[in-house]
Amino acid sequence: MGCGLSQLAAKFAFFPPTPPTYQIKKNNKLTVVSTSPSPSFPLPHADDNSLDVLLIDTKRGNKIVAFYLRNPYARLTLLYSHGNAADLGQLYDLFVQLKVNLRVNLIGYDYSGYGASTGKPSESNTYADIEAVYQCLQTEYGVSQEDLILYGQSVGSGPTLHLAAKLPRLRGVVLHSAILSGLRVLCHVNCAFCFDIYRNINKVQVVKCPVLVIHGTEDDVVNWLHGDGLWKLAREPYEPLWIKGGGHCNLELYPDYIRHLWRFIHEMENMNTKLRLKRIRQCLNLKPKSSTRHRCCRFRLWRPRCPTCFTPTCIKVRFCSIKCSMGGGCWKYCCPLQCCWKPSSRCCSTKCSTSCCFRWQCCCCCCGQTSIGMNGKHEG
């Protein structure tokens, strides 16, 4: 029942552009051509060496289209999951702007059923789509999760947080006009339903990297409360950007958008593991761990002679705690004659816990009931 309701919800959640704004042609390499004689969006040129057009197979049997834009000065890679009623043909110009201004490599992809990608759009398909793109980045371009930032716009926040929850060493996440869940876009609910899709409200809480939230205060499609809620639930929230007067699809036109996003990318480039752990502790109000640990220590004493054969005996002493030195510890000895040494109850000094002359008794039958001091001499 829940699965059927989820499929029904998906029909009302996805609106791919019809017809698509581009097509893929296979010559010596994959090229992009417009489906319209007078395209309203700029498309990549066939001789653009900084762009790779990719066809990626997903685990659900679909082939999705991806654009990989290369920046020779980039240190990080941005994986962009776009919004609902858009495809790569409409977003190519934005990708070029982000690649240049943020100094990153960028890969964007069309979900199953969008653009020239095969299949039908659904929640599970978008999860398989972004996993296939991430695997392509690893195998074809050598991008590790430490050098990757995930970017999700609107519906794209669903697959973005799905992947981010699985990558513990991810560099960062950007949520642009994101949703708490699909159902919460339509109505305010405080409980979970089986037919709800993209339950970001749960997944954002397990993301282990900095999360930047960008949202317009006048968004009439996804209310600003969605962005505010995700920012408050994040484990490591970055300073959010609330664009005053911004709507759902025009935030890129505000100067603060690219300025704030550039600062986030720049800080992620310079962030190391030590600084990340420090920030996480600050967010969780945790005290730093002490560098001293209470652990068992081993040391060697001088080598006394066995009271029977007078051969050197190696005595190894093991303290499990500070209280061991007060007379009730777990002492371990090794003797060639397998003598069983036990600490005597008598002591000639009150400074046993620091530097004392313990007396020992041997209960071995070969030694008799003889007690000796730490200097190895027999005592009656």
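This is a predicted model: local features need pLDDT of at least 70, side-chain atom pairs count only at pLDDT 80 or more; totals for chains, interfaces and linings use all residues.
How many residues lie between E3 and E4 in their hairpin, and which residue in the turn has a positive phi?

1. Overall composition. The protein chain holds nine helices and 16 strands. It has 380 residues, and 46% of them count as buried. The chain exposes about 20,500 Å², with carbon and sulfur atoms supplying 55% of that area. Of the contacts between residues at least 6 apart in sequence, 61% join residues at least 24 apart.

2. The E3–E4 hairpin. Five residues separate E3 and E4 in this hairpin, and Gly 61 in the turn has a positive phi of about 85°. Strand E3 covers residues 51-57, and strand E3 is largely enclosed by the rest of the structure because five of its seven residues are buried. Strand E4 (residues 63-69) runs antiparallel to E3, and seven bridges join the two. Within this pairing, Asp 57 has Lys 63 of E4 as its bridge partner.

3. Cysteines. The count of disulfides is zero. Cys 136 is buried, at a relative accessible area of 11%, whereas Cys 249 counts as exposed, at 64% relative accessibility.

4. The salt bridge of Lys 166 and Glu 131. The structure contains 11 salt bridges. In one of them, the closest N and O atoms of Lys 166 and Glu 131 are 2.9 Å apart. Lys 166 sits in the loop between helix H4 (157-164) and strand E8 (172-176), while Glu 131 belongs to helix H3 (residues 123-141), so the pair ties together parts that are 35 residues apart in sequence. Lys 166 is partly exposed at 48% relative accessibility; Glu 131 is buried, with a relative accessible area of 17%.

5. The salt bridge of Arg 171 and Asp 147. These two side chains meet at 3.6 Å, N to O. Arg 171 lies in the loop between H4 and E8 and Asp 147 in the loop between H3 and strand E7 (148-153), which places the partners 24 residues apart. Arg 171 is buried, with a relative accessible area of 12%, and Asp 147 is partly exposed, at 29%.

6. The closest N and O atoms of Arg 184 and Asp 196 are 3.6 Å apart. Arg 184 is in helix H5 (residues 182-186), and Asp 196 is in the loop between H5 and helix H6 (200-203), 12 residues apart. Both Arg 184 and Asp 196 are buried. Elsewhere, salt bridges with shared partners join Lys 59, Glu 131 and Lys 166 into one network.

Definitions and conventions
Residues are numbered from 1 along each chain as its sequence is written. Side-chain values use heavy atoms; hydrogens and water are left out. Helices (H or I, at least four residues) and strands (E, at least two) are DSSP runs, numbered from the N terminus. Buried means under 20% relative accessible area, exposed over 50%, partly exposed in between (1.4 Å probe, protein chains only). Contact means heavy atoms within 4.5 Å. Accessible areas come from the Shrake-Rupley method with a 1.4 Å probe; for residues, only the protein chains shown count as cover. Two strands pair if DSSP finds at least two bridges between them. A disulfide is a pair of cysteine sulfur atoms within 2.5 Å. A salt bridge is a side-chain nitrogen of Lys or Arg within 4 Å of a carboxyl oxygen of Asp or Glu.
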